[in-house]
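Here's a quick briefing to read with the model open on your screen.

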Amino acid sequence: MAPSGASPFPRVERRDEVGSTSTELVRAVTADPDAWPPMSVLVARSQVAGRGRAGRTWSTPPGEALTASVLLRPRVPAEHLAWVTLLAGLAVVRAVAPADGAGPAVGLKWPNDVVVGGAPDAVPGWGHDRKVAGILTEAVPAVPGAVVVGIGVNLRQRELPVPWATSLALAGLAVTGEALLARIGGELAPLVAAWEAEGPASLRAQVRACCTTIGAQVRVDVPGGRGVEGRAVDLDADGALVVAEVGGARRAVLAGDVRHLRRT
């Protein structure tokens with residue numbers, strides 16, 4: 001983590017309202033790449049056209065959520081870039097989880113949802129976990145090697161639009177957006193540094209340990225293909241989810257929507 005009092009972000013750009021922090025950051029980096037060093041962040045009080053996986057959109061009322069996008073330029077082979085989402089998820093998990101271990105368990109639902117456990121009622125596809133944060137990564141096409149990591153964390157909402165979502169306040173993990181952003185940056189920077197120095201192998205066990213999908217019976221809806229159903233057993237070297245299907249075959253899934261059917 002960054003030393004006490006030192007910001008992990010060399011540049012912080014603040015907006016009152018944006019359509020999407022990631023769209024804004026991609027546009028800014030494309031226009032002037034040299035003005036945005038690695039770990040620069042663009043943060044907004046309100047986001048009215050946030051983007052999620054599979055083209056989903058969402059909005060946040062002012063001050064109710066942390067909506068930020070971080071620029072990374074990891075010095076890693078292009079084939080390893082799928083790890084960006086997982087490492088960002090690990091950073092958010094560690095930033096959200098209380099340092100004293102009190103409160104509900106916090107984990108990563110593969111590939112990009114941060115969840116808190118312990119909800120009294122089960123929701124199909126999520127069980128007793130509730131989504132508190134989401135991550136979406138995208139390349140900056142005009143700047144080779146540049147990746148923008150969009151992070152949205154529900155802070156104070158009391159009413160959520162879907163039954164599988166919650167907020168830090170509802171989960172008893174209330175923290176200000178500024179403090180949480182600093183924690184996320186303080187966790188993410190050394191993870192990226194270790195990834196650059198040692199490759200993903202050194203971080204795979206850390207991501208696996210916080211991944212709530214490992215060990216669950218799952219169904220993965222794969223874009224443009226048939227669904228994959230079985231027990232999630234591992235992450236491979238590329239960050240893909242390894243699913244042991246009923247017949248014994250193992251399939252590595254690089255992208256898809258995961259539904260947790262039950263724990264095994």
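Which residues does Pro104 touch, not counting residues up to four places away in sequence? They are Val116, Gly117, Ala171 and Leu173, where a contact means heavy atoms within 4.5 Å.

Before going on, keep in mind that this is a predicted model, with local features needing pLDDT of at least 70 and side-chain atom pairs counted only at pLDDT 80 or more, while totals for chains, interfaces and linings use all residues. Numbering starts from 1 along each chain as its sequence is written, and side-chain values use heavy atoms, with hydrogens and water left out.

**Loops and backbone**

- Pro104 sits in the loop between H2 and strand E5 (106-109); helices (H or I, at least four residues) and strands (E, at least two) are DSSP runs, numbered from the N terminus.
- Pro104 is partly exposed, because its relative accessible area is 22% (buried is under 20%, exposed is over 50%, and partly exposed is in between, using a 1.4 Å probe and protein chains only).
- The peptide bond from Trp110 to Pro111 is cis, with omega near 0 degrees, and Pro111 is in the loop between E5 and E6.
- Met39 has a positive phi, near 75 degrees, though it isn't a glycine.
- You'll find Met39 in the loop between helix H1 (21-31) and strand E2 (41-51); with a relative accessible area of 9%, Met39 is buried.

**Strand pairing**

- Strands E6 (residues 113-116) and E7 (residues 130-139) pair antiparallel over 4 bridges, pairing being called if DSSP finds at least two bridges between two strands.
- Val116 has Arg130 in E7 as its bridge partner.
- E7 also runs antiparallel to strand E8 (residues 147-154), joined by 7 bridges, and here Leu136 stands opposite Gly150.
- Strand E10 (residues 228-235) is mostly covered, with 6 of its 8 residues buried.
- E10 is joined to strand E9 (residues 216-221) by 4 bridges in an antiparallel arrangement, with Val220 opposite Val228.
- E10 and strand E11 (residues 241-245) are antiparallel too, with 5 bridges, and Ala232 faces Val243 across that pair.
- E10 and E11 make a hairpin with 5 residues between them, and Gly239 in the turn has a positive phi of about 85 degrees.

**Nonpolar cores**

- The largest nonpolar core has 60 residues, and those touching the most other members are Leu66, Val92, Val114, Val153, Leu168, Leu180 and Leu241; a core here is a set of buried Ala, Val, Leu, Ile, Met, Phe, Trp, Tyr and Cys residues joined through side-chain atoms within 4.5 Å.
- Helix H2 (residues 83-96) gives the most to this core, with 11 residues.
- Leaving out residues up to four places away in sequence, the contacts of Leu66 include Val43, Ile151, Val153, Leu180 and Ile184.
- There's also a second, separate core of 11 residues, with Ala28, Val29, Val143 and Val148 among them.

**Helix packing**

- Helices H3 (residues 177-198) and H4 (residues 201-210) pack at an angle of about 140 degrees, with their axes 8 Å apart; axes are lines fitted to C-alpha atoms, for helices over the stretch in contact, and angles run from 0 to 180 degrees between N-to-C directions.
- That makes H3 oblique to H4 (under 35 degrees counts as roughly parallel, over 145 as roughly antiparallel, 65 to 115 as roughly perpendicular and the rest as oblique).
- H3 supplies Leu191, Ala194, Trp195 and Glu198 to the contact, and H4 supplies Ser202, Leu203 and Gln206.
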